[in-house]
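Have a look at the sequence and structure below, then read on.

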Amino acid sequence: MFNKLVFKQLGLAQPMFTPKRLISACLIGSALMAGNSFAATTINLSYNGAPDPEKNAVHVFATNLKELVEEKTDNQVELALYPNSMLGEEQERMEQTMNTPMLNVASFAGVSPLVDEIFVSAIPFLFDDFDAARSFFDEGEYWQEVSRALQERAGIDMLAVVEEGGFLAFTNNERPISHPDDFEGLRFRAMDPSQVALYESFGASGTPIPWTETYMALRTGVADGQMNPPMYIILGSLFEVQDYLTLANIQYSNQFLVGNSEMIAGWDDELRNAFMEAVAEANRNAREHNEEQVEARIAYLEEQGMEVVRPSEEELTAFRDIGQPAYLEWLGERDIEQRWIDMALEDAGMSDLLD
C-alpha cells in the first residue's frame, strides 16, 4: 500500500499499517482512481491544531480554502477537513500524502525527513518583516528548488507557505529575557534539532518535546521555556504556566500546504487552474488576517499576566550575532550542500553572510 521504495531511498523507517492509517484509508475512499492519475471528488485536508478560528490560524486558512475550492471548481472538488491531527501525526500524514489523493498542512517535522534542506529557511533573523518573508517564499530561487526536490523525491507538490501566527517569541517562567546572556542555565522545549542548536548557542539547553506534551512539561518544570508565535502560546494556554514573553522575532512561523502530485497532475487544466486560484486567494486572505491579529494576541497575553519584553535593537543584534553563526554551523553539520544556503541568503538579501 505504501511506497516502500521511496522510504528505503530516503533512509526512513518502513511505514507500518496501523489502525489510524486504516481509518484514514477508509476516509479517502471517496476519491476515485482513473488510470494512472486521480480524479477526486472529495479530498481530505489534514492539519494540526483545534478547529478554533480564534486561536488557530491554520484552521482559518483551511476553512477558507474549502469554501474557495468548492466555489471555484463548481463543486467538482470538495474538501473534507480533519483538524487536530485526526489522520495521524506529522510523518504519518506525509506518508498518506505520498500515496493517496489528499492534501496536508505539514510543519518542519513533516517535510524535513523528505527534504532536509528546508531547515535553511529557518536561519535566525533571515527576514525583517512579513513582506520580506513572503517575497522569499513566493519568488525566491531557493524555495523553488525545495519545491522541486519534494516533488522529485516524494511525489508531493508544495502548494503554499501558510503563516501560523507571525514570528517566533521566547517564553519562560524564570526571568525576563532581553539578551542572550539571560538564557544561561535555562532548559527549553525544542520543536526539532535546529532549535536545540539555537538554545545551546545562547547558553541554555534544549530538549525535543512534542507539542501535545509541551504544556505539562512547562507546568512540571521539565522545561523552563519554549519558542512559538503568540497564536500558539494562546492555543496551548501556555500563558498559564509561563510568566515572560520575549518578542525577539527570531524566525518566521509557517507551515506548508502540500498535495499528492499524481492527483493534481491528473486534473485537466481548467480544474487545476481553478484549484490553484483558490489556494492563492486563501493564502492571501490568511496572511492578511494573521498580520492583523498579531498585536491583539500579544495584548491578550499581557492581559493574562505575562510580562512582555521587547528587546532593543542592540539586544536583537546580540541575538543575531550569536544565533546566525551557530545555526549556519549546525546546517553544515547536517551535510546540507552549501549551494542551498547560498541560494537562500541571496534570496533574502543577506549575501554578506557568505563572506
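## A region from the record

UniProt positions follow the numbering used here, feature names are shortened, and annotations may be inferred rather than shown by experiment. With that in mind, the unreviewed UniProt entry places a "coiled-coil region" at residues 272-299. Over residues 272-299 the chain is 100% helix and 0% strand, with the end C-alpha atoms 41 Å apart. Helices (H or I, at least four residues) and strands (E, at least two) are DSSP runs numbered from the N terminus.

## About the model

This is a predicted model, in which local features need pLDDT of at least 70 and side-chain atom pairs count only at pLDDT 80 or more, while totals for chains, interfaces and linings use all residues. Residues are numbered from 1 along each chain as its sequence is written, and side-chain values use heavy atoms, leaving out hydrogens and water.

## The largest pocket

A pocket is found on a 1 Å grid over the protein atoms alone, as an open set of points where a 1.4 Å probe fits, with protein on both sides within 12 Å along at least five of seven lines; lining residues have an atom within 4 Å of a point. The largest pocket holds about 910 Å³ of space and is lined by 38 residues. Nearest its centre lie Asn-48, Glu-90, Ser-107, Arg-189 and Trp-211. Elements supplying at least two lining residues each include helix 4 (90-99), helix 9 (211-220) and strand 12 (252-260).

## The second largest pocket

Here the volume is about 430 Å³. Of 19 lining residues, Asp-128, Phe-167, Leu-247, Ala-248 and Asn-249 lie nearest the centre of the second largest pocket. Strand 6 (156-167), helix 12 (269-303) and helix 13 (313-333) each give two or more residues to this lining.

Note on methods
Points joined across faces, edges and corners; volume = space filled by probe spheres on them.
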